[in-house]
Amino acid sequence: MDDSSPLILGLSGSLRNSRFGSGSRALVTQLMGCKTQSEMTALLRDEGAFCVREFIDAGRNKGLSFDEIYRNYQRRRGERGLSNTEVALAAGLWGAMCSGARVEHLSLESVFGDKARLAQLDELREKLLRASGVLLSGPVYFGDRGSLAEDFIHFVRTDSELRQHLQSLSVKKAYAGISVGAKRNGGQETNLIYQMLDMAVSGFLAVGNDARSTSQYGGTGWAGDVGTMAEDGYGLETAIGAGRRLGEVTALIGAGQAVAARRKPKIAVWILQDKDQIARNAIENSLFHDSIREKAEIGIFDFTGQAPRRCIACDICPTESGPDEVYRCVIKSPDDLFSNFHQDLLGFDGIVIAGYSAQDTSKVCSVYQRFIERTRYLRRGDYALSNALVMPLVFEEVGARDSLNLRMLTSMIRHHTILTKPVTVSIWQGECLNIGQASDGVLEFIADCCSLVAGKDQLQNGPGLSEYNPVGYEISAEKLRQHSGKKQPKDITVLQPG
Ligand SMILES: Cc1cc2nc3c(=O)[nH]c(=O)nc-3n(C[C@H](O)[C@H](O)[C@H](O)COP(=O)(O)O)c2cc1C
């Protein structure tokens with residue numbers, strides 16, 4: 001690891017944070033000392049248990065009132081222990097180290113808490129300016145983030161120096177999230193999805209957890225009482241996977257930074273929902289006009305007139321192992337969209353997923369949901385769309401109020417892609433109101449695609465493994481093993497930080 005390695009800033013948004021100042025630095029050193037995943041897990045277990053003991057020593061064992069216990073507990077010095085959110089974050093930072101990144105840790109309570117001073121805000125700004133990526137871990141509060149994570153996002157969006165820096169960057173910073181809740185389905189995913197959207201809108205390229213941990217929305221921890229997060233093995237795997245993915249993608253971005261792309265990026269625009277061809281006309285004539293086509297190879301696919309068959313949710317998907325170019329979905333009807341267009345869906349550096357949101361949905365022509373469900377064989381075919389930069393593009397009638405751009409995000413990130421700022425074109429009486437603003441969004445997207453292409457050239461198509469691991473489908477897993485003749489690892493491979 002040298003100074004040119006990506007630098008990941010781990011931010012903890014817990015109201016029960018245990019590490020501050022020198023305690024944050026000590027945590028990084030402790031993590032660097034863990035050569036295996038079991039050593040790292042043992043460390044997290046010890047540090048979680050330390051928090052429990054601290055709470056007991058604060059007066060629980062002497063029968064003090066809760067007010068007194070809490071006052072004593074508040075006097076802790078920030079040098080030891082880890083709250084649940086911090087445990088998951090530490091696992092994520094270890095994952096980032098395994099991918100070759102350098103890491104730092106900062107408690108958001110020390111920046112935005114009651115005792116915080118201006119100096120801490122300066123420290124956060126300075127760390128953000130230097131970082132290649134941000135790993136934000138926080139508790140679920142009411143299915144959403146907590147107030148410290150909110151203060152952080154507000155800061156990123158409103159601090160003039162940071163905003164200028166994020167906007168002026170020719171090469172972006174990346175973001176991944178981790179979320180911890182007391183219930184198994186307590187809102188970890190909703191928290192991560194909202195946060196992913198907000199960070200992408202703020203100018204970050206957003207990723208979920210990696211393929212080895214089944215490519216979801218980030219790390220999802222299940223822990224309530226202090227000291228319990230280290231027992232959630234699955235949650236730790238997803239947190240490690242989020243850090244590892246962030247490390248890999250920041251390395252890709254970094255590799256593209258110093259060099260120019262040797263070829264134009266290939267970009268697909270999939271139109272999946274439209275009304276009176278308003279989206280198609282705007283895409284062809286205004287957003288992806290001739291001067292844009294000089295910067296990138298653009299393929300516009302209006303699929304709204306096509307007939308994708310529904311997915312049949314079959315047991316073995318794809319039907320066999322083989323190269324991406326071979327169509328491996330069981331549905332072979334001659335009129336089926338995927339049977340006909342399979343080749344056209346592959347090999348793109350960027351994907352614009354476009355749809356029209358109408359107030360009156362009866363006028364809309366849509367293949368959106370069928371299209372998305374049918375992409376299952378591409379995901380299960382070892383993430384055939386892996387590392388494509390995805391931009392949701394929604395043409396939204398004023399007052400339409402649907403969830404299309406969030407749904408685009410949640411579905412496409414599962415393909416092990418990278419999400420960029422969604423673009424929304426507002427429509428009033430058939431007219432696009434903000435086409436100039438949307439064009440700026442498209443230009444930014446193309447510039448990001450160029451950087452990623454340069455990075456892929458440098459890393460020979462990296463980053464990372466993207467082998468599909470059929471969690472929840474034991475029969476599929478067995479068949480996959482038989483088809484491919486290789487052992488499908490059940491446990492996630494342990495890499496050493498180095
Ligand atoms: C105000 C508040 C709201 C919460 N809301 C949720 C929730 O919606 N879902 C959930 O699973 N847990 C919820 N929890 C539990 C915390 O997410 C959980 O205890 C978590 O471990 C806290 O992380 P920490 O130990 O790092 O602070 C809530 C806790 C608090 C204090």
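**View A. The shell around the ligand in a predicted model.** Helix H4 (84-98) and strand E4 (174-181) each supply at least two residues of the shell around the ligand; helices (H or I, at least four residues) and strands (E, at least two) are DSSP runs, numbered from the N terminus. The ligand is surrounded by 20 residues, the closest being Ser14, Asn84, Thr85, Gly181 and Gly186; a residue is near a molecule if its C-beta atom, placed from the backbone, lies within 6 Å of it. The shell divides into nine nonpolar, nine polar and two charged residues, where Ala, Val, Leu, Ile, Met, Phe, Trp, Tyr, Cys and Pro count as nonpolar, Asp, Glu, Lys and Arg as charged, and the others, Gly among them, as polar. Residues are numbered from 1 along each chain as its sequence is written. Because this is a predicted model, local features need pLDDT of at least 70 and side-chain atom pairs count only at pLDDT 80 or more, while totals for chains, interfaces and linings use all residues.

**View B. The contact of helices H10 and H17.** The axes of H10 (residues 233-257) and H17 (residues 435-458) come within 7 Å and cross at roughly 95°; axes are lines fitted to C-alpha atoms, for helices over the stretch in contact, and angles run from 0 to 180 degrees between N-to-C directions. The two helices are therefore roughly perpendicular to each other, a term for angles of 65 to 115 degrees. Leu252, Ile253, Ala255 and Gly256 in H10 meet Ser451, Leu452, Ala454, Gly455, Lys456 and Gln458 in H17, contact requiring C-beta atoms, placed from the backbone, within 7 Å. The residues of this contact comprise five nonpolar, four polar and one charged.

**View C. The loop between strand E9 and helix H13.** Gln306 is found in the loop between E9 (297-302) and H13 (337-341). With 17 C-beta neighbours inside 10 Å, Gln306 counts as partly exposed; 20 or more such neighbours make a residue buried, 12 or fewer exposed, and counts in between partly exposed, with C-beta atoms placed from the backbone. Leaving aside neighbours within four places in sequence, Gln306 is in contact with Leu337 and Val367. Ala313 also has its place in this loop, and has a positive phi near 50°. Ala313 has 8 C-beta neighbours inside 10 Å and so counts as exposed. Pro318 lies in the loop as well, joined to Cys317 by a cis peptide bond with omega of about 0°.

Note on methods
Two residues are in contact if their C-beta atoms, placed from the backbone, lie within 7 Å. Angles under 35 degrees count as roughly parallel, over 145 as roughly antiparallel, 65 to 115 as roughly perpendicular and the rest as oblique.
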